[in-house]
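Here is a short briefing to keep beside you as you look through the model.

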Amino acid sequence: MKLATLELGGRQLPALFLDDGRICDLQAFAQAAPPATLPFPWPETGRLTMIDLAAGGAATWAWCRDIAAVADAHLIQPGSYRLLAPIPRPPKNIFCLGRNYREHIQEDNASRNLDTDVPEHPQFFTKPWTAIVPHEGAIRYDQRVTRRLDYEVELAVVIGQGGRDIAETDASSHIFGYTLLNDISARDLQKRHDQWFKGKAIDGSCPFGPWIVSPEAVGDPHALRISLKVNGEQRQDASTGAMIFSVPRSIASLSSGLTLEPGDVIATGTPSGVGYAMNPRQWLKDGDVIECEIEKIGKLVNRVEEVIN
């Protein structure tokens, strides 16, 4: 059971993907239900979004399980829709952790002849929503902007119940679900601007999706195989158990003095195997197909498309 956002007949709507292949129109189910039975407030716009579902937290997943039992109504036909990012426009920029896998720090040090320490606290940066592309969407490659485009597979967390100053021991109750994110990075821009944001914020640099999976289905988020291939070649292959800062620790740190909202997204860092640390360095090029995969969640696939001037 997975939650996704679709474009169907010129409108966006959240959908429930069942394990038997059926796809349920959650907008239609919500409209047909008495408002008092919904696990989230009915939106004033009359259009249900994934952010509305996230606000319901665990109760939304219970509602979806009830729908699965009567899912012969409000079905969407396969092939009639276009898959969008699960949250096409999150409430804020997407939050990202840098340097959250020890071996990635080691490969970075080796590639640049540095000797930096493992961070004592999570290191955050953001990617704007304008960078988001969906599963099978194009990763934009404009050589006027960058000549050193790179990849980073990451486990992403979607916030359900919001809050500020969330305790690490309570952080798991604020997680709505998990998805995949590819932190596409322009390494030359990172070096030129001497910070992470610009090189990770260009349009098309945030493949995200294809859906959201519940915490119950994922289980321990620190016991998942996380991997990435470029044109079928294995580049990254690790376990999320190698994170330096756990998901709850990262949520607690990020929310300290900062309010998290339903639908906020946190990418939790990438393991070793990135292109810039290879010898010789391997930059993405036009036509490259990147497959990100995380156990129990699925696969996110995108192609690099060069902008022709």
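The side chains of Arg 235 and Tyr 151 are joined by a polar contact of 3.1 Å. This is a predicted model, so please read every value below as computed from it.

- You will find Arg 235 in strand E15, which covers residues 233–239.
- Arg 235 has a relative accessible area of 16%, and because the cut-off for buried is under 20%, Arg 235 counts as buried.
- Beyond residues up to four places away in sequence, Arg 235 touches Tyr 151, Leu 228, Lys 229, Val 230, Ser 272, Gly 273, Met 278 and Gln 282.

**Asn 182, a buried polar residue**

- Asn 182 belongs to strand E11, residues 175–182.
- With a relative accessibility of 1%, Asn 182 is buried.
- The side chain of Asn 182 reaches a backbone atom, the nitrogen of Glu 152, at 3.0 Å.
- Setting aside residues up to four places away in sequence, Asn 182 touches Tyr 151, Glu 152, Val 153, Ser 205, Cys 206, Pro 207, Leu 228, Ile 290, Cys 292 and Leu 300.
- Tyr 151 and Leu 228 are in that list, and both are also touched by Arg 235.

- Strand E1 (residues 2–8) pairs with E2 in the antiparallel sense, over 7 bridges.
- Within that pairing, Ala 4 is placed opposite Ala 15 of E2.
- The two strands make a hairpin with 2 residues between them, and Gly 9 in the turn has a positive phi of about 60°.
- On to the next pairing: E2 and strand E3 (residues 23–25) are antiparallel over 3 bridges, with Phe 17 opposite Ile 23 in E3.
- The hairpin of E2 and E3 has 5 residues between its strands, and Gly 21 there takes a positive phi near 100°.
- Why is strand E2 described as largely enclosed by the rest of the structure? The reason is that 5 of its 7 residues (residues 11–17) are buried.

**Nonpolar cores**

- The largest nonpolar core holds 49 residues, and Leu 6, Ile 251, Ile 266 and Ile 297 touch the most other members.
- Strand E10 (residues 153–159) supplies the largest share of this core, 4 residues.
- Leu 6 has contacts beyond its neighbours within four places in sequence, including Arg 11, Leu 13, Ala 15, Phe 17, Ile 23, Ile 76, Tyr 81 and Leu 83.
- A second, separate core has 35 residues, among them Phe 40, Met 50, Leu 53 and Ala 54.
- As background, nonpolar side chains tend to be buried together in soluble globular proteins.

**Cysteines**

- The count of disulfides comes to 0.
- Cys 24 takes part in no disulfide, and its nearest cysteine sulfur belongs to Cys 64, 8.6 Å away.

**Backbone features to look at**

- Gly 209 and Pro 210 are joined by a cis peptide bond with omega of about 0°, and Pro 210 sits in strand E13, residues 206–213.
- Another cis peptide bond joins Asn 279 and Pro 280, with omega of about 5°.
- Pro 280 is in the loop between strand E16 (265–267) and strand E17 (289–294).
- Asn 113 has a positive phi, near 55°, although this residue is not glycine.
- The loop between helix H4 (102–112) and strand E6 (123–127) holds Asn 113, which is exposed at 74% relative accessibility.
- Glu 136 also has a positive phi, about 70°, without being a glycine.
- Glu 136 is in the loop between strand E7 (132–133) and strand E8 (138–141), and with a relative accessible area of 64% Glu 136 is exposed.

Key
Residues are numbered from 1 along each chain as its sequence is written. This is a predicted model: local features need pLDDT of at least 70, side-chain atom pairs count only at pLDDT 80 or more; totals for chains, interfaces and linings use all residues. Side-chain values use heavy atoms; hydrogens and water are left out. Buried means under 20% relative accessible area, exposed over 50%, partly exposed in between (1.4 Å probe, protein chains only). Two strands pair if DSSP finds at least two bridges between them. A nonpolar core is a set of buried Ala, Val, Leu, Ile, Met, Phe, Trp, Tyr and Cys residues joined through side-chain atoms within 4.5 Å. Contact means heavy atoms within 4.5 Å. A disulfide is a pair of cysteine sulfur atoms within 2.5 Å. A polar contact is a pair of N or O atoms within 3.5 Å; within protein, one must be able to donate a hydrogen and the other to accept it, and residues adjacent in sequence count only if both atoms are side-chain atoms.
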